[in-house]
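Subject: Structure for your review

Dear colleague,

Please find below the structure that I am handing over to you.

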Amino acid sequence: MRSFLPAYEMQAPQDLAAALEMLAHEPGAWRPLAGGTDLMVLFEAGKLAHKKFISIWKLDELRGISVSASHVTLGALTTYTEIQEHPELRAEFPLLCQAARETGGVATQNRGTLGGNIVNASPAADSPPALLVYDAELELVSMRGSRWVPYDGFHTGYKTTLLRPDELLRSIRLPRDKQTWLQYYRKVGTRKAQAISKTCLAAAARLESGTIRDARLAFGSVAPTVLRCVRTETILRGGHVDATLIRAARESVAAEIAPIDDLRSTAAYRLRVSQNLVGEFLEQLSGDGA
Amino acid sequence: MPEVCGKVKLACTVNGVKRTLHVYPMARLLDVLREELGLTGTKEGCGEGECGACAVELDGRIVNSCLVPALQVGGSEIRTIEGLATSDQLHTVQEAFIACGGAQCGICTPGMVMAAVNLLGRLPNPNAADIRAGLAGNLCRCTGYMKIFDAVVRALQSPGAKT
C-alpha cells in the first residue's frame, strides 16, 4: 500500500554537523536518505518502518573524490556516474568503474551513491565486490568523532552492519596499490542492463613469472552478505595457474559461498556459474600472465 | 494516521519558469509535476525506478522522477518533456521519433525522448553502444526498440540535436 505522505517527516540539514546532531539526539529515529534509488522504492510500497528522514543529498562534506599519493578517497555521496567520469578511478580502479556502469541505467547511476550501495547492505549490490578486492576502508562519523574501519567485515549479517545509529558513512578510501594486478569483474543477471545480479565476481591477482603472489576474490549475491573468499585466496597464493589449481579453486569457492534459491535464480545455478567465473578469471590470468 | 509533517514551500525552475511549490517533503517529484504543476507529459510506469517512463532532467542529469522526494528539488532546475518543443517547433529528437515510428502506445515515449535528448547533450558522437547504454534504463513494450534506436541515430544526424 502506498505510504500516507503527511505521516512522514523529512528534513534537509544545512551541514554535516547539523545532520549528526539530529542523529545523536534521537538515535535510530532518523533514516538518512541520499539519492533515494532504493529507499524511495520501499517508501512508495509502504515498506519503510521509519517515519523520519534526513536528506543528506546536498551535504557537501560527503561529496567529492580526492587523490593522494597513496589513496583515492570518495565521498559517500559519489554517484555511479561520477565514478565512471573520474580519470584516476578509470585508470586504476576498473572494477569499480565497471560495477558503476552495470548498476541500473543512467537515471539510477545519476542518483545512486557508493555510500548508499554500502550502507543499504544488499548482498546483491554491484560495487561491494570491487571494494573488497581493492581493500577499501570506510570512515564513519558521528558527534563522538570519526573512525576508520576495513570494509571487509563491515557487513555483520544479512542487511546488518557495523554502522551505529548515530553514525554516517562519510568516505570510502581505496589504496592505490593494485595498479599492476590483473583484474576481473563479471556480473551475471537476466539481462545486461537494469537487472539485479544472480552472481557477481570481482577478482584480482598479482603475478610474478607465472606465480600468483597475491589474490583477491569477492562475490555478490551468493551469501547473506557480499563475501570475500579468503580460503580460496590462500589456495591461489604461491600457485601456478593450471588445471589442478583451477579445480582446487572451484572446489574451495563452492565450500565458501552459500547461494540460495530465490526469485532471481537458484542455488544450483549460482553455484555452477560462480565456479565458472572463478575458472574464467584464472584462465585469463594464465593467458595474460604467462 | 496522524499528520506529523505539514507541507513545505520550495522554489525551483521548471522548463525555464520559476515556480513555487507547496508540497509534502516526501512527495514524489513525479506527482508534483503531474498533479501540482499539471505537467502530465511525464508518465508513471512502474513507480520503482525500473522503467524510465518518468525520466526528467534534474540539474542537467536524467533521473527517474518517481524516486526523487520533493524536498530535494528546492533550488534545482528541472526539464520535462513539455520543455523540449519551442512554440510550434518540435525538438529534433521528437521529429526523429515521428519520422522513424519510434512510438506506439506512447507511455514510454516522454521518458525515452528525455533520455535520448540527455544522451545527445552529453555525448557529441555516441556510437551504437553509447546509444544503447543511454536508453538502457527505459523500457518499451511495443516497438522492440529498433525504431527508437533508429530515431536516435536520425536525430544525431540532424542539426540542432544537442540542446
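Among the contacts in chain A between residues at least 6 apart in sequence, 62% join residues at least 24 apart; two residues are in contact if their C-beta atoms, placed from the backbone, lie within 7 Å. In chain B, residues 24 or more positions apart account for 59% of the contacts with a separation of 6 or more.

The model is a predicted one, in which local features need pLDDT of at least 70 and side-chain atom pairs count only at pLDDT 80 or more, while totals for chains, interfaces and linings use all residues. Residues are numbered from 1 along each chain as its sequence is written, and chains are lettered from A and ligands numbered from 1 in the order in which they are written.

Chain A

Chain A contains 11 helices and 14 strands; helices (H or I, at least four residues) and strands (E, at least two) are DSSP runs, numbered from the N terminus. Its radius of gyration is 20 Å, close to the 19 Å that the globule rule gives for 290 residues, so chain A is as compact as a globular protein of that length. That radius is taken over C-alpha atoms, and the rule is 2.2 Å times the number of residues to the power 0.38. Of the 290 residues of chain A, 49% count as buried. A residue is buried if 20 or more other C-beta atoms lie within 10 Å of its own, exposed if 12 or fewer, and partly exposed in between, with C-beta atoms placed from the backbone.

The domain assignment divides chain A into domain 1 (5–55), domain 2 (60–175) and domain 3 (182–289); such bounds come from an automatic or database domain assignment. In chain A, 15 residues of domain 1 are in contact with 17 residues of domain 2. On the domain 1 side, helix 1 (residues 16–25) of chain A gives the most, with six residues. By class, that side has eight nonpolar, four polar and three charged residues. Here Ala, Val, Leu, Ile, Met, Phe, Trp, Tyr, Cys and Pro count as nonpolar, Asp, Glu, Lys and Arg as charged, and the others, Gly among them, as polar.

Chain B

Chain B has five helices and five strands, which run β-β-α-β-β-β-α-α-α-α from the N terminus on. Buried residues make up 50% of its 163 residues. Chain B is divided into domain 1 (8–83) and domain 2 (92–157), whose C-alpha centres are separated by 21 Å.

Helix 5 (residues 146–157) of chain B lies within the bounds of domain 2. In this helix, Ile148(B), Ala151(B), Val152(B), Ala155(B) and Leu156(B) are buried. Seen down the helix axis, the buried residues fall within an arc of 140 degrees, so they line one face of helix 5 of chain B; the arc is that of the directions from the axis to the C-beta atoms. They pack against helix 2 (92–100), helix 3 (109–122) and helix 4 (128–135) of chain B. The face turned away from the buried side carries the exposed residues Met146(B) and Gln157(B).

Between the chains

Finally, 28 residues of chain B are in contact with 27 residues of chain A. Strand 4 (residues 61–64) of chain B supplies the largest share of the chain B side, four residues. That side divides into 17 nonpolar, seven polar and four charged residues.

Yours sincerely

Technical notes. Expected span 1.5 Å × (residues − 1).
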